[in-house]
Amino acid sequence: MDELIGLVAVIGIFIFPVAALGTGWVILLHEERIKMIDKGVILAEPERSPNRYPALRNGLFMVGLAIGLIVGMFVEPSVPENDFEFMVIPTFAVLFGGLGFIVYFALSRKLQMKERLEDKKMNADTERRIEQL
């Protein structure tokens, strides 16, 4: 039980300040935005690019979870018995699920860059054709 209290204390020491700073940051940005609107400044909405690869994201995440579960099941027998033995399988599942998201990020970034280059080429070709007319 003492170990659990120590764990909660350490997590609280790190998470509370981060949450407080994050909340303060959001409130500060909101107040700044409200003041600009009151002064009559027209604020441009940030351009948001839609997620074009949700199936890829979900697939990589599920594969990562499955690999994590399999690895966790193989590793669990070699873990000595203690209070945290039950956390081996979920830990590996979350770890590999997160790795799946990282792989998705890298792949989607690469695909988006490729699409942008193709769009630039297409735009350049269109401009050349217009100039020829």
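**Aromatic pairs**

Modeller: Helix α3 holds both F92 and F96, which are four residues apart, or about one turn of the helix. The model is a predicted one. A pair of aromatic rings is described by the distance of the centres and the angle of the planes. By the rule applied here, there are two aromatic pairs.

One of them joins F61 and F101: the ring centres are 4.7 Å apart and the planes stand at 20°, so this pair is stacked. The partners come from distant parts of the chain, with F61 in helix α2 (residues 54–75) and F101 in helix α3 (residues 88–132), 40 residues apart. F61 has a relative accessible area of 25% and is therefore partly exposed. F101, with a relative accessible area of 37%, is likewise partly exposed.

The rings of F92 and F96 have centres 6.4 Å apart and planes at 25°, so they too form a stacked pair. The reasoning rests on two cut-offs: centres must lie within 6.5 Å for rings to pair, and planes under 30 degrees apart count as stacked. F92 is partly exposed because its relative accessible area is 23%. F96 also counts as partly exposed, at 23% relative accessibility. The class applies because partly exposed residues fall between the buried limit, under 20%, and the exposed limit, over 50%.

How values were computed:
Residues numbered from 1 in each chain as written. Predicted model: local features only at pLDDT ≥ 70, side-chain atom pairs only at ≥ 80, totals over all residues. Heavy atoms only, no water. Phe/Tyr/Trp six-rings, centres within 6.5 Å; stacked < 30°, edge-to-face > 60°. Helix = DSSP H or I, 4+ residues; strand = E, 2+ residues; numbered from the N terminus. Buried < 20%, exposed > 50% of the residue type's maximum accessible area, 1.4 Å probe, protein only.
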